[in-house]
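Visitor: Please show me the structure, and then let me ask about the terms used for it.

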Amino acid sequence: MITHRSYTVEPWAVRETRLDLDVLAQSESVFALSNGHVGWRGNLDEGEPHGLPGSYLGGVYELHPLPYAEAGYGYPESGQTVINVTNGKVLRLLVDDEPFDLRYGRLTSHERLLDLRRGVLERTCEWTSPAGSTVRVRSTRLVSLTQRAIAAVAYEVEAVDSRSRVVIQSELVANESLPGSDGDPRGSKALVSPLEAEEDVAVGHRLRLVHRTRRSGLRVAVAADHVVSGPERTTYAGESNVDVARLTVTSVLEPGEKLRVEKLVAHGWSAVRSRPAMSDQVEAALAAAGHSGWDGLLEEQRGYLDDFWARADVQVDGDEEVQQAVRFALFHVLQAGARAEQRAIPAKGLTGSGYDGHAFWDTEAFVLPLLTYTSPGAVAEALRWRHSTLPAARERAAQLGLRGAAFPWRTIEGSEGSAYWPAGTAAFHVNAAIADAVVRYTAASGDTRFEREAGTELLVETARLWRSLGHHDHRGAFHIDGVTGPDEYSAIADDNTYTNLMARANLLAAADACERHADRAAELGVDDEESAAWRDAAEAMYIPYNHELGVHEQHEGFTRYQRWDFAATGPDQYPLMLHFPYFDLYRKQVIKQADLVLAMYTCGSWFDEEHIARNFAYYEPLTVRDSSLSACCQAVIAAQAGHLRLAYDYTAEAALMDLADLEHNTRDGLHIASLAGTWTALVAGFGGLRRNGTGLCFAPRLPERFSRLAFSLQLLESRLRVEIGPDKATYTLLSGPPLTIKHHGTPVTVRADAPAVLVVPPAPSHPAPEQPPHRRPNAHR
Ligand code: BGC
């Protein structure tokens with residue numbers, strides 16, 4: 001299934017056994033290391049050749065004007081784009097006067113390995129220069145999960161068969177030139193020289209550069225320290241200018257001798273701290289990392305990941321590719337969120353500049369579910385970030401003539417960054433995803449402090465938004481008109497079922513939270529009348545339904561539209577948005593990504609099993625999956641409707657999105673929501689996980705391919721392990737007080753030392769649904 005043959009299939013690693021320059025940018029995303037604060041793309045140590053150089057700091061962006069041919073009221077005036085900050089990865093190598101550049105000379109071997117347990121990227125290669133000197137180069141790189149500011153590289157050169165003069169230039173480089181955009185709207189704006197120099201220092205083994213962004217006024221400091229080991233005749237010298245600080249290490253190596261440079265790099269940024277304060281901050285971070293030392297950093301990294309895997313690992317027996325892919329996915333989702341600490345988790349994490357580094361609903365709707373049950377601390381941080389952006393969201397709501405808070409469709413710092421309002425401003429459902437994430441997290445963690453400090457306010461302000469956005473008609477029914485649901489091939493529609501059901505839950509959750517925290521409610525100005533109005537709106541929420549067809553409508557009138565002419569659409573015309581005008585997509589029955597199908601997952605109690613099957617059969621032939629967010633949702637409902645083979649295919653598609661570059665844009669960064677969706681497809685699809693108030697329900701069923709699926713979840717003080725075989729499922733309490741769960745509708749209490757072993761009933765049987773031509777799941781394309 002994996003089309004990029006350079007990656008081998010292994011349970012705990014992603015290995016590339018030869019260097020293929022044609023897919024360099026893609027592999028830079030796959031091999032990106034990050035902790036959510038610092039992100040380093042998997043660029044080659046020497047800096048060149050490269051696909052897209054990338055070093056990112058969570059929250060560091062530059063502003064740029066948003067050009068409109070015809071501007072309108074309420075259009076955002078400036079956009080934010082993530083910038084490539086000072087690059088601390090670079091270690092250039094010169095071998096007997098020749099640059100070690102893999103485009104020249106002879107590369108006998110080149111291997112890179114992303115080790116998912118150790119959290120390092122390792123590289124080994126052997127190269128003969130055009131003049132005939134052979135060297136072996138090994139490097140190990142990490143971005144520390146325990147020391148947030150720190151990344152580090154150990155770089156080693158060995159002379160193989162002749163005496164070689166080698167020079168290693170370890171650098172910090174600001175304002176690297178970047179390749180131009182290819183015109184894909186999902187890419188990014190490459191800003192030229194976004195950083196203004198403030199300080200450059202090279203003293204002994206230490207380097208430091210401090211810069212400031214020109215418009216957003218953020219100060220970025222990066223410093224490096226080195227430990228050099230080599231033959232006695234090794235010398236070094238430092239120098240710096242505005243955009244480069246460099247330590248040059250020179251040695252002469254006899255065959256078998258090695259020169260090794262351990263480089264520790266500290267990163268910091270601030271909108272308020274002064275230049276001296278920032279310099280001190282990165283120097284202090286370097287001192288702390290130096291205290292651990294290279295070996296200490298490796299050990300801490302392993303310890304952190306051992307802990308993570310004990311909580312989060314998903315085991316899939318019977319399918320090695322999916323096994324590898326789900327661990328790859330878990331690793332990258334952890335990297336995206338682990339240390340983001342009150343900064344956004346972007347759609348690409350910190351693995352590339354795609355989507356300009358913006359965060360979308362992807363965070364709350366796709367990434368946070370996985371983290372809620374495996375790394376709940378990261379969820380509180382992500383939601384506190386949203387909370388910190390409330391002032392901007394309130395201002396936006398006021399600008400739109402609405403109450404409460406209107407959270408942005410895409411953003412880095414909290415203000416709306418979308419210049420296309422039908423799929424930006426109008427996609428109000430992001431607010432409900434935030435509220436849903438608050439409810440999920442507080443139920444799973446019991447974190448009442450969070451609920452009081454941030455959760456209740458998020459629920460209240462989003463409920464206010466819905467109440468003012470919708471209206472009761474003459475019969476009393478509550479409608480939310482003119483909004484865009486998850487499916488971006490429909491826009492400005494009335495009563496989008498997903499939006500309405502999610503808003504309904506949001507309104508009820510806000511009223512419930514205000515009852516639990518009456519004092520907070522009073523502080524927020526909520527009185528009985530207001531919360532009663534929320535409950536009224538929720539109770540009266542209009543959900544469109546086509547009685548003739550017996551299916552729920554994606555939005556009012558959707559099933560009446562003309563069907564898209566799929567027969568006339570060629571395989572090369574996908575994604576449709578790059579080949580057809582939105583006006584035509586909007587007025588036809590064609591679906592970019594799961595919408596009504598997503599509603600059946602997130603608001604499952606609204607739908608009975610018959611409707612799940614019927615609705616799925618209706619929407620499946622219309623859904624083209626032009627968004628990577630779709631396959632995982634379709635996997636969940638396919639599994640529930642008994643289409644286990646189809647659910648497997650969708651799971652594999654979500655899982656292999658980046659390892660196999662299925663959308664041909666992995667070069668811009670990884671699809672973090674799709675990676676997180678791999679977990680969702682497995683745990684909510686084949687495990688059947690659903691929430692029921694504070695409890696969890698399971699309805700496990702395996703596809704033929706899997707002989708076993710096992711995963712663990714953290715719920716309140718307890719840890720539960722779920723192990724599913726073809727005929728029975730075992731629930732084991734790993735720690736904490738007993739848990740009552742449901743297995744296929746039956747309540748079961750799981751106690752310590754008494755695992756519950758239960759029979760897996762046969763799947764319901766329905767005719768296999770069709771997909772649009774050329775849009776069968778990718779595994780089969
Ligand atoms: C999808 C959105 C998603 C965004 C970022 C778009 O193509 O339609 O739902 O939030 O990508 O991943």
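Guide: What follows takes up the terms one by one and sets each value against its definition.

Guide: This is a predicted model, in which local features need pLDDT of at least 70 and side-chain atom pairs count only at pLDDT 80 or more, while totals for chains, interfaces and linings use all residues. Residues are numbered from 1 along each chain as its sequence is written, and side-chain values use heavy atoms, with hydrogens and water left out.

Visitor: What makes Arg92 and Glu171 a salt bridge?

Guide: A salt bridge is a side-chain nitrogen of Lys or Arg within 4 Å of a carboxyl oxygen of Asp or Glu. The closest N and O atoms of Arg92 and Glu171 are 3.3 Å apart, so the pair meets the rule. The two partners are 79 residues apart, with Arg92 in strand β8 (residues 91-95) and Glu171 in strand β14 (residues 164-173). Strands (E, at least two residues) and helices (H or I, at least four) are DSSP runs, numbered from the N terminus.

Visitor: Why is Glu171 called buried, and why is Arg92 called partly exposed?

Guide: Buried means under 20% relative accessible area, exposed over 50%, and partly exposed in between, with a 1.4 Å probe and protein chains only. Glu171 has 3%, so Glu171 counts as buried. Arg92 has 27%, so Arg92 counts as partly exposed.

Visitor: How do you know that Glu341 and Arg339 form a salt bridge, and is each of them buried or partly exposed?

Guide: Their N to O distance is 2.4 Å, so the pair passes the salt-bridge rule. Arg339 is buried at 18% relative accessibility, whereas Glu341 is partly exposed at 26%.

Visitor: Which parts of the chain does the salt bridge of Glu488 and Lys592 tie together?

Guide: The side chains of Glu488 and Lys592 meet at 2.8 Å, N to O. Glu488 lies in the loop between β23 (478-479) and α9 (497-516), and Lys592 in the loop between β27 (588-589) and α13 (596-602), so the pair ties together parts that are 104 residues apart in sequence. Both Glu488 and Lys592 are buried.

Visitor: How many salt bridges does the structure hold?

Guide: The structure holds 62.

Visitor: What makes the link between Asp319 and Tyr648 a polar contact?

Guide: A polar contact is a pair of N or O atoms within 3.5 Å; within protein, one must be able to donate a hydrogen and the other to accept it, and residues adjacent in sequence count only if both atoms are side-chain atoms. The side chains of Asp319 and Tyr648 are joined at 2.4 Å, so the distance meets that limit. Asp319 sits in the loop between β21 (314-317) and α3 (320-337), and is buried at 2% relative accessible area. Leaving aside neighbours within four places in sequence, Asp319 is in contact (heavy atoms within 4.5 Å) with Tyr648, Arg705 and Phe706.

Visitor: How do you know that domain 1 and domain 2 touch?

Guide: The domain bounds come from an automatic or database domain assignment, which gives domain 1 (12-66 + 79-177 + 191-278) and domain 2 (389-552 + 594-607). By the contact rule, 6 residues of domain 1 are in contact with 7 residues of domain 2.
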